[in-house]
Amino acid sequence: MSEEFSHLKDDEYWIRYALTLADKAEAMGEVPVGAVIVSDGKVIGEGWNTPITDHDPSAHAEMAALRAATKTIENYRAIDATLYVTLEPCPMCAGAIVHGRIKRVVFGAWDEKTGAAGSVMNLLQHEHLNHNVEITSGILAVECGEKLSAFFRRRRKEIKAAKKARRESLQGGEPTE
C-alpha cells in the first residue's frame, strides 16, 4: 500500500470520527461541527461546537479540541499533532491552531463565508506568520457538507413553523364579535 493511500485512509478514518463528534453538537441543538486532534495515532483532544450552550462565541469544535489536547500533553504547543475537523476553520480557530503549533489540519467541508484555510483567506499558511500549517482539504467533503446543510434546512423549517404558529395563536387570540 502506498504511503499516500495509507495517509488518505487515516484521514478518512479521523474525519469519520470527527463526524461522530459533530453528532454530539447537533444533539445539543448546536451547529454540527466536530474536531479531533491526533498525535502518534492516538487521540489527545476532541471537541464539538457549544457556543450556544456555553454562551461563548469561542466555543468552536477546534478550540475545545485544542484546549483538551494541550491539557493532555501538558504543553500549550501541540507540535507534530494533526487536527481533523468537519468544517474548514474560521479565523479565530486558525489563529489558535497557529499559536498551538499544530503541524497539520485536515478538514471536510469548505466554509465559503468564514473559511481561513483557503476559502476566504488562508491564515494557516500566511507568509508573515512564524508557523505554517500543512492543509489537506475536502476529505469526505460531501458527507461533512450534507450534515451541515441538513441541519440548516431543518433549522429554517423549524423557524418558519414557529413563526406560523405564533401568527396563528395571535389571530386565534383576538376577540370575535
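**The five-stranded sheet of a predicted model**

Good morning. In this predicted model, 5 strands form an open sheet in the order E2-E1-E3-E4-E5, with mixed pairing. Strands here are DSSP runs of E with at least two residues, helices are runs of H or I with at least four, and both are numbered from the N terminus; two strands pair if DSSP finds at least two bridges between them. Strand E2 (42-48) and strand E5 (134-136) stand at the edges with a single partner strand each, so one side of each has no neighbour in the sheet. On average, neighbouring strands are turned by 20° against each other, direction ignored.

Local features need pLDDT of at least 70 and side-chain atom pairs 80 or more, while totals for chains, interfaces and linings use all residues. Residues are numbered from 1 along each chain as its sequence is written, and side-chain values use heavy atoms, without hydrogens and water.

Let us turn to strand E4. How many residues of E4 are buried? The count is 6 of the 6, so E4 is largely enclosed by the rest of the structure; buried means under 20% relative accessible area, with a 1.4 Å probe and protein chains only.

E4 (residues 104-109) pairs with E5 in the parallel sense over 3 bridges. Across this pairing, Val 105 stands opposite Ile 135, and Arg 104 stands opposite Glu 134. E3 and E4 are also paired in the parallel sense, over 5 bridges, and Tyr 84 stands opposite Val 106 in E4.

Thank you.

Methods:
Axes are lines fitted to C-alpha atoms, for helices over the stretch in contact, and angles run from 0 to 180 degrees between N-to-C directions. Buried means under 20% relative accessible area, exposed over 50%, partly exposed in between (1.4 Å probe, protein chains only).
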